[in-house]
Amino acid sequence: MSDAPQREQRVLSGTHFMLGDHACAEGALAGGVDYFGGYPITPSTEIAERLARRLPAVGGKYVQMEDELGSIMSILGASAAGARSLTATSGPGFSLMMESIGLAAMMELPCVIVDVQRASPSTGLPTMVGQSDILQARWGSHGDYGMAAFSPASPQECFDLTVHALNVADQYRIPVFLMMDEVVAHMTERVVIPPADEVPLVHRKRPDHKPGAQRHLPYAVGEDGVPAMAHAGEGYKVHMTGLTHDERGYPALTPATHNALVNRLVDKVRHNAQHIMRYDEFELDDAETVVIAFGCTSRSARQAVRQARQRGAKCGLLRLVSVWPFPEQRIRELLQRGTVRRFVVPEVNLGQLRREVERLTQLPVQRINHAGGAMPTPADILEVLL
Amino acid sequence: MPAARSSGPVQIRFGGYGGQGIVLAGTLLGKAASLYDGKEAVFTQAYGPEARGGASRADVIIADEPIDYPYVTQPDVLVALFQEAYTLFGGQLKPGGTLIVEEDLVRLGEPAPPASLLPATRMAEELGNRIVTNVIVLGFLVGRTGVVSREAAEQALKTTVKPAALELNMRAFEAGFARALAAGAAPA
């Protein structure tokens, strides 16, 4: 976006021993972020700090905004102008961004919001872990809308999933959340960054006609339900509004238009859930106890499952890489096997994801919770598995 | 690349005060293991209020298999670089674990547990700069425990330390490493 000489490598290809927050920042760079607008907040600050130095050096723009209301609006504006855009925050800032996340969904402005979760509510424990924004990510803004949320369990995944989040945001024109947590953000591990030409990049669909060549309908869709995106300033006639709108982008304040529009916003994700969703499975084949965990907690869960297996307990782990969409279908398949006896859901909140599991089964769903500041240890989980 | 000694997970804790460079020492150790010795490693550090003033910590876990739980629970190796760090973390050391202390800054008390005594700060001053105290400690730890190979640790230094400071840091590492070998008969 800038004419400034590019003195640094955008993609830091190679093997690194890297902090989770820094890996997220490098994922943003490798994923082609043009613009970061943010307001530093613990424990996400190292993301902003690294991008403040790195992004301008590779031709991108970094703006430190006055607050999180400004941060989210600035990335939406940048997105409307054609930039791959990202911001990073933590719980208090995430709350402030909620209204405009609905605007992103309604205007179909692709953007990525990184929330490094800390112990909440309110200011809580600023430097300590939480996983209690996970339902807020799904339902935080008013209304029904499609979105996706990923939860990395390692610095490597902070890199990989930031790239993936940017791709999903652009492909479906939705807000996408990277729901990190303080443990993963402040952990340093090996991170492998591929060669620049091997970073998978998916870009937003663009109009198939030149500006002025024909009448442009900014919200006309084909079968996939995702409108091609004309950017502000290119010469297309573009009108965007948070009001219910028609294919022209003009307000069309009728129940029928609203119903069709909101259904389409939700269906973009619902119909493509299998492409967006990611999870991995550990020792699930004959599992009678299925642990469902995400983010840092999944690391304790995996160790507990290993130890419980050594003692003969038939248990396994379904690790949610995408928390939203939630892998309902996969859980239903596990239930159909008839071997599962119970679920165990450890999380650093008081049972937010447990409710999602309970919705799908009559089997017992045992919870292991910590309100924040510390995550369940392998021993905490093992005790329940044995 | 030469492999370091193979074993189960090893938990290493550095305890020190701000300025002693324990974060860099821990980072170098983890980097050596995971990038140059073909092992798994995770590094964490005290963060927030607990990292401001007083005893701070930098933790590394090194293992042959992927590491699940990232935090040190009971160190196999404890490096205490001043009294408060020893007071705070000394009791956590695994029975039979390796204790390394800054001998001018830590009094072990009576009865003194088996420990490797290292005048790291004095040695750094003799090399011309107190700033390399941490790398002397790293050299000693590597020589004493073999938790990473010497080659891997040197490679980590070369890819981390600024070129202008590399020569001094390599000498510091060598000084610590040589001291560990010379003290080969030190308590186990």
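Below are questions and answers on this predicted model.

Reader: How many helices and strands are there in chain A?
Author: The model is predicted, so local features need pLDDT of at least 70. Counted along chain A, there are 13 helices and 15 strands.

Reader: How compact is chain A for its length?
Author: The C-alpha trace of chain A spans about 70 × 50 × 40 Å along its principal axes. For 386 residues the globule rule gives 21 Å. The radius of gyration of chain A is close to that, so chain A is as compact as a globular protein of that length, at 21 Å.

Reader: What share of the residues in chain A is buried?
Author: A residue counts as buried if 20 or more other C-beta atoms lie within 10 Å of its own. Of the 386 residues in chain A, the buried ones make up 52%.

Reader: In which order do the strands of the five-stranded open sheet of chain A run?
Author: The pairing in this sheet is mixed. Its edge strands are strand 10 (279-282) and strand 15 (365-369) of chain A, each pairing on one side only. From one strand to the next the twist averages 20 degrees. The order is 10-12-11-14-15.

Reader: Which residue is the bridge partner of A:Val291 in strand 12 of chain A?
Author: Strands of a sheet pair through backbone hydrogen bonds, either parallel or antiparallel. Strand 11 (289-294) and strand 12 (315-320) of chain A pair in the parallel sense, over six bridges. In strand 12 of chain A, the partner of A:Val291 is A:Leu317.

Reader: Which helix of chain A packs on the sheet, touching strand 10, strand 11, strand 12 and strand 14?
Author: The direction of this helix makes about 165 degrees with that of strand 12 of chain A. The helix covers residues 296-310 of chain A: helix 10.

Reader: Which element gives the most to the side of chain B that touches chain A?
Author: The contact takes 14 residues from chain B and 15 residues from chain A. On the chain B side, helix 1 (22-36) and strand 2 (40-45) each give two or more residues. That side divides into seven nonpolar, five polar and two charged residues. The top contributor, with five residues, is helix 1 of chain B.

Reader: What covers the buried residues of helix 5 of chain B?
Author: Helix 5 spans residues 150-160 of chain B. Its buried residues are B:Ala152, B:Ala153, B:Glu154, B:Ala156 and B:Leu157. The cover includes helix 1, helix 4 (133-145) and helix 6 (163-182) of chain B.

Conventions
Residues numbered from 1 in each chain as written. Chains lettered and ligands numbered in written order. Predicted model: local features only at pLDDT ≥ 70, side-chain atom pairs only at ≥ 80, totals over all residues. Contact = placed C-beta atoms within 7 Å. Helix = DSSP H or I, 4+ residues; strand = E, 2+ residues; numbered from the N terminus. Nonpolar A, V, L, I, M, F, W, Y, C, P; charged D, E, K, R; others polar. Rg over C-alpha atoms; globule rule 2.2 N^0.38 Å. Buried ≥ 20, exposed ≤ 12 C-beta atoms within 10 Å, placed from the backbone. Pairing = 2+ DSSP bridges. Axes fitted to C-alpha atoms, helices over the stretch in contact; angles between N-to-C directions.
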